[in-house]
Amino acid sequence: MFSHIAALCDLWRGRRARSAVMASLQPFNASLRQVGEENPQSLNDPYLIGFLIASVSGLARDACPNIGSEGIGAVQLDVCGGLTGLPRAVLAERVVCLSLGEDGFFLLGCADAAAFHATLSAARGEACDIEEPGPAALEAQALWERFVERWTAGEASRDALRS
């Protein structure tokens with residue numbers, strides 16, 4: 001019975017985390033949608049999947065520090081699936097394969113997500129002003145553009161990493 005209660009608590013934490021993550025990523029949804037419209041294949045890119053999965057993990061743990069691994073996994077699949085349009089099963093299989101295969105681009109996306117997450121966390125601590133975002137909020141936007149928009153646009157630096 002105790003395991004059922006723990007599972008229900010994790011579901012509740014997952015719901016709370018999912019809402020918090022979606023709210024945190026809301027300012028970036030339009031640019032991700034634009035990237036997907038310009039190049040739909042980029043939404044299945046190992047780098048982008050790693051970046052989104054790791055970003056969601058960090059934000060979910062911020063919102064619900066006691067969430068379990070199954071709860072985090074559900075939040076990852078729900079949020080990333082919603083952002084990319086990839087079905088949960090496809091996304092889950094992709095994450096497992098990229099992770100177990102130690103795909104370099106996937107791991108780079110995960111590493112870049114740590115910098116984005118740290119900056120986004122700092123932005124939440126700034127005084128909120130819609131018209132004049134603080135320095136951390138501006139830096140978070142700049143990192144998003146550098147890590148997502150430019151990466152998926154096929155910038156020369158990406159080609160350099162492949163060689």
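Let me start at one spot. Helix 5 is followed by E102, a residue with a positive phi, near 50°. Helices here are DSSP runs of H or I with at least four residues, strands are runs of E with at least two, and both are numbered from the N terminus.

Before going on, the ground rules. This is a predicted model, in which local features need pLDDT of at least 70 and side-chain atom pairs count only at pLDDT 80 or more, while totals for chains, interfaces and linings use all residues. Residues are numbered from 1 along each chain as its sequence is written, and side-chain values use heavy atoms, with hydrogens and water left out.

Back to E102. The residue is not a glycine, yet its phi is positive, about 50°. Most residues other than glycine have a negative phi. E102 sits in the loop between helix 5 and helix 6. Is E102 buried or exposed? At 59% relative accessibility, E102 counts as exposed. The cut-offs for relative accessible area are under 20% for buried, over 50% for exposed and in between for partly exposed, with a 1.4 Å probe and protein chains only.

Now the whole chain. The protein has eight helices and zero strands. It has 163 residues, and 40% of them count as buried. Among contacts between residues at least 6 apart in sequence, 74% join residues at least 24 apart. Contact means heavy atoms within 4.5 Å.

Next, helix 5 itself, residues 88–100. Its 13 residues should span 18 Å at 1.5 Å a residue, and the end C-alpha atoms are 18 Å apart, which agrees. The expected span is 1.5 Å times one less than the number of residues. Which residues of helix 5 are buried? They are L91, V95 and L98. An α-helix has 3.6 residues a turn, so residues three or four places apart point the same way. On the other side of helix 5, A89, E93 and L100 are exposed. The cover over the buried residues includes helix 3, helix 4 and helix 6.

Helix 4 has 16 residues and reaches 22 Å from first C-alpha to last, close to the 22 Å expected. Its buried residues include G71, V75, L77 and L83. Helix 4 is followed by G85, where phi is positive, near 85°.

On to helix 3 and helix 6. Their axes come within 7 Å and cross at roughly 40°. Axes are lines fitted to C-alpha atoms, for helices over the stretch in contact, and angles run from 0 to 180 degrees between N-to-C directions. Among the residues that meet are F51, A54 and L59 in helix 3, and F105, A113 and L120 in helix 6.

S24 lies in helix 1, residues 2–25. S24 is buried, with a relative accessible area of 15%. Not counting residues up to four places away in sequence, S24 touches L59, L120 and R124.

N44 lies in the loop between helix 2 and helix 3. At 28% relative accessibility, N44 counts as partly exposed. N44 and R94 are 50 residues apart in sequence and 8.6 Å apart in space, C-alpha to C-alpha. Leaving aside neighbours within four places in sequence, N44 is in contact with I49, L86 and R94.
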